[in-house]
Amino acid sequence: MSDGVRPIRVRDLLEKKRRGERIVMLTVYDATMARLLDRAGIDVFLVGDSLGMVIEGHATTLPVTLDAVLHHTQAVTRGTKRAFVVADMPFLSYQVTVVEAVHNAGRLIQEGGAAAVKLEGGRAVLEVVERLVDAGIPVMGHLGLMPQHVHELSGFRMQAKDPRDAGRLLEEARMLEQAGAFAIVLESIPDDVAERVTAELSIPTIGIGAGPHCDGQVLVSYDAFGLTVESLPPFVKQYAQLGEQMVEAAKEYAAEVREGRFPALKRTLSVSAVIDRHK
Ligand code: KIV
């Protein structure tokens with residue numbers, strides 16, 4: 001890069017796990033946010049299909065299309081110099097056939113500029129993961145609460161709470177690593193299950209609602225910065241109240257416009273005075 005910024009790569013993320021350094025990931029959906037969060041030194045930007053909920057206002061991630069993720073990925077990569085950009089593969093973009101999955105993931109890399117894709121599932125997506133990795137596309141897995149399975153799971157609820165489910169999740173995590181995934185998101189699972197998976201894998205785990213033992217953490221940025229208006233998942237910590245600040249700023253602007261205080265009067269000769277002078 002001409003400005004001396006070295007972009008983060010898969011190898012850096014694997015090295016971080018080896019050195020015991022935590023990986024910091026946030027969801028990002030546009031170029032302005034990407035520029036700001038790159039300045040903050042966030043390691044990984046996820047163009048999550050959560051955009052369906054926080055940007056598009058849907059109740060689930062299911063209506064999100066590949067074109068929507070592609071559009072936001074292009075915006076994010078335009079604003080990013082350092083962070084590793086991962087594009088989420090939306091519902092039905094990788095579940096129908098392996099050929100379609102490779103084609104769709106390829107678009108997120110080729111047209112979107114992403115460095116990797118993320119997809120949900122274990123055993124069911126192993127062939128897809130292998131083919132993507134063979135094609136040179138790094139894959140981040142996603143286990144535990146998989147929002148694209150919201151109906152099958154009867155809602156957004158914690159997973160792997162009983163030993164059998166926990167054992168199955170661990171097995172699927174191992175399979176994903178074996179298939180070539182470079183990292184796995186673990187969402188809404190008990191802390192000790194995430195700890196065990198993290199200890200057994202040589203690739204990083206990125207937790208969300210999965211306790212402190214993962215190799216990294218991810219939050220939906222709108223939740224973390226206080227922009228989300230709906231109720232939040234219990235594991236979210238809010239690091240700012242930007243939503244409230246925006247409401248207050250908008251009220252102040254509205255009041256100034258309504259009272260004629262914005263724009264302020266300029267102390268220059270008025271156009272009519274200039275016209276009068278040249279009569
Ligand atoms: O889409 C998303 O934001 C995600 C995170 C919750 C990991 O998948």
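Helices (H or I, at least four residues) and strands (E, at least two) are taken here as DSSP runs, numbered from the N terminus. The model is predicted, so local features need pLDDT of at least 70 and side-chain atom pairs count only at pLDDT 80 or more, while totals for chains, interfaces and linings use all residues. Residues are numbered from 1 along each chain as its sequence is written, and side-chain values use heavy atoms, with hydrogens and water left out. The briefing covers the ligand site, strand pairing and backbone geometry.

**Ligand site**

- The space taken by the ligand is the largest pocket. On a 1 Å grid over the protein atoms alone, a pocket is an open set of points where a 1.4 Å probe fits, with protein on both sides within 12 Å along at least five of seven lines; a molecule sits in a pocket if more than half of its atoms lie within 2 Å of its grid points.
- Around the ligand stand Thr 27, Leu 46, Gly 48, Asp 49, Ser 50, Asp 88, Lys 118, His 142, Val 185, Glu 187, Ile 208 and Val 220, a residue being near a molecule if one of its heavy atoms lies within 4 Å of it.
- This shell comprises four nonpolar, four polar and four charged residues, where Ala, Val, Leu, Ile, Met, Phe, Trp, Tyr, Cys and Pro count as nonpolar, Asp, Glu, Lys and Arg as charged, and the others, Gly among them, as polar.
- A polar side-chain atom of Ser 50 is 2.6 Å from an oxygen atom of the ligand.
- For Asp 49, an N or O atom in the side chain is 3.0 Å from a ligand oxygen atom, and a polar side-chain atom of Lys 118 also lies 3.0 Å from an oxygen atom of the ligand.
- The protein buries 96% of the 260 Å² that the ligand exposes when taken alone; accessible areas come from the Shrake-Rupley method with a 1.4 Å probe.

**Strand pairing**

- Strand S8 (residues 216–219) pairs with strand S1 (residues 23–27) in the parallel sense over four bridges, and Val 24 stands opposite Gln 217 in S8. Two strands pair if DSSP finds at least two bridges between them.
- S8 also pairs in the parallel sense with strand S7 (residues 205–208), over two bridges; here Ile 206 stands opposite Gly 216.

**Backbone geometry in loops**

- Phe 262 and Pro 263 are joined by a cis peptide bond, with omega about 0°. Pro 263 is in the loop between helix H10 (242–258) and helix H11 (271–277).
- Ser 154, a residue other than glycine, has a positive phi near 60° and is placed in the loop between strand S5 (139–144) and helix H7 (163–179).
- Ser 188 has a positive phi near 50° and lies in the loop between strand S6 (183–187) and helix H8 (191–200).

Notes: Polar contact = N/O pair within 3.5 Å; in protein donor to acceptor, adjacent residues only side chain to side chain. 1 Å grid on protein atoms, 1.4 Å probe; cavity = no way out; pocket = protein on both sides within 12 Å on 5 of 7 lines; lining within 4 Å.
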